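Please look over the sequence and the structure first, and then read the points below beside them.

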Amino acid sequence: GGQRNKHSSMLIHATRFTDVHRLIAALVEEYLTTIKKDIASYAKLPDALSQSEILIELRSTFETHLSNIGFSWTEVIAELPSFSNSIVVREVHQKKSVPLEYRKDAPTNAIVIGGASLARGFTVEGLSVSYFLRNTVFYDTLMQMGRWFGYRPGYEDLCKVFMPRERINHFANII
């Protein structure tokens, strides 16, 4: 609780190559648009789950990974229409067209996609989910990237990091 007016971000860090960031961003944007459409169309209906496979998948994910957060699925689905409209996809790299800004007057809810620019001190505010796929065995690079995994007090129960086993082993070797 108490996170409604805070920034919230998800990080996708797959590679250092800008062209791949653009491709990932396009795919994420397409999928997010599909999710937003189903939420807008069905989430407020009493039979929402019978109307949308996406909502069924969202509920399943909620029950599998987040059932201990103190909110029921009914409470979550009631908030989804207004929250989902606030989510933006932003690339963070040298050739970005739309910058990622964390406003002071309103919470930013962003899916951030990037590589080398993120490794150079860019702060991902309110980071709660990380998809970390980039392949590197250089310990200084790993340590720099590891700082992304520090989270804001009060929502540690929501934080998730997804990475291949090999990447987990690289981080384990430097601790």
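Predicted model: local features only at pLDDT ≥ 70, side-chain atom pairs only at ≥ 80, totals over all residues.

Gly-114 is found in strand S3.

- Leaving out residues up to four places away in sequence, Gly-114 touches Ile-12, His-13, Ala-14, Thr-15, His-21 and Val-92.
- How many residues apart in sequence are Gly-114 and Leu-11? The two are separated by 103 residues in sequence, while their C-alpha atoms are 7.9 Å apart in space.

**Thr-108 in its loop**

- Thr-108 belongs to the loop that runs between strand S2 (87-92) and strand S3 (109-114).
- Is Thr-108 buried or exposed? Its relative accessible area is 8%, which is under the 20% limit, so Thr-108 is buried.
- When neighbours within four places in sequence are set aside, the contacts of Thr-108 are His-7, Ser-8, Leu-100, Glu-101, Tyr-102 and Arg-103.
- With Arg-103 there is also a specific approach: the side chain of Thr-108 reaches the backbone nitrogen of Arg-103 at 3.5 Å.

**Strands S1 and S4**

- Strand S1 (residues 8-13) pairs with S4 in the parallel sense, and the pairing extends over five bridges.
- Within this arrangement, Ser-9 stands opposite Leu-127 in S4.
- Why is strand S4 (residues 127-132) described as largely enclosed by the rest of the structure? The description applies because five of the six residues of S4 are buried.

**Salt bridges**

- How many salt bridges does the count come to? The count comes to two salt bridges.
- One of them joins the side chains of Glu-63 and Arg-59, with an N to O distance of 3.8 Å.
- Glu-63 and Arg-59 are four residues apart in helix H3 (residues 53-65), so about one helical turn separates them.
- Glu-63 is partly exposed because its relative accessibility is 44%, and Arg-59 is likewise partly exposed, at 29%.
- A salt bridge is also formed by the side chains of Asp-105 and Arg-103, where the N to O distance is 2.8 Å.
- Asp-105 has a relative accessible area of 61% and is therefore exposed, whereas Arg-103, at 46% relative accessibility, counts as partly exposed.

**The protein as a whole**

- The protein contains seven helices and five strands.
- Along the sequence, these elements follow the pattern β-α-α-α-α-β-β-α-β-α-β-α.
- Of the 175 residues in the protein, 37% are buried.
- Among contacts with a separation of 6 or more, 66% are between residues 24 or more positions apart.
- The accessible surface amounts to about 10,500 Å², and carbon and sulfur atoms account for 54% of this surface.

Technical notes. Residues numbered from 1 in each chain as written. Heavy atoms only, no water. Helix = DSSP H or I, 4+ residues; strand = E, 2+ residues; numbered from the N terminus. Buried < 20%, exposed > 50% of the residue type's maximum accessible area, 1.4 Å probe, protein only. Polar contact = N/O pair within 3.5 Å; in protein donor to acceptor, adjacent residues only side chain to side chain. Contact = heavy atoms within 4.5 Å. Pairing = 2+ DSSP bridges. Areas by Shrake-Rupley, 256 points an atom, 1.4 Å probe, with all protein chains shown as cover. Salt bridge = Lys/Arg side-chain N within 4 Å of Asp/Glu carboxyl O.
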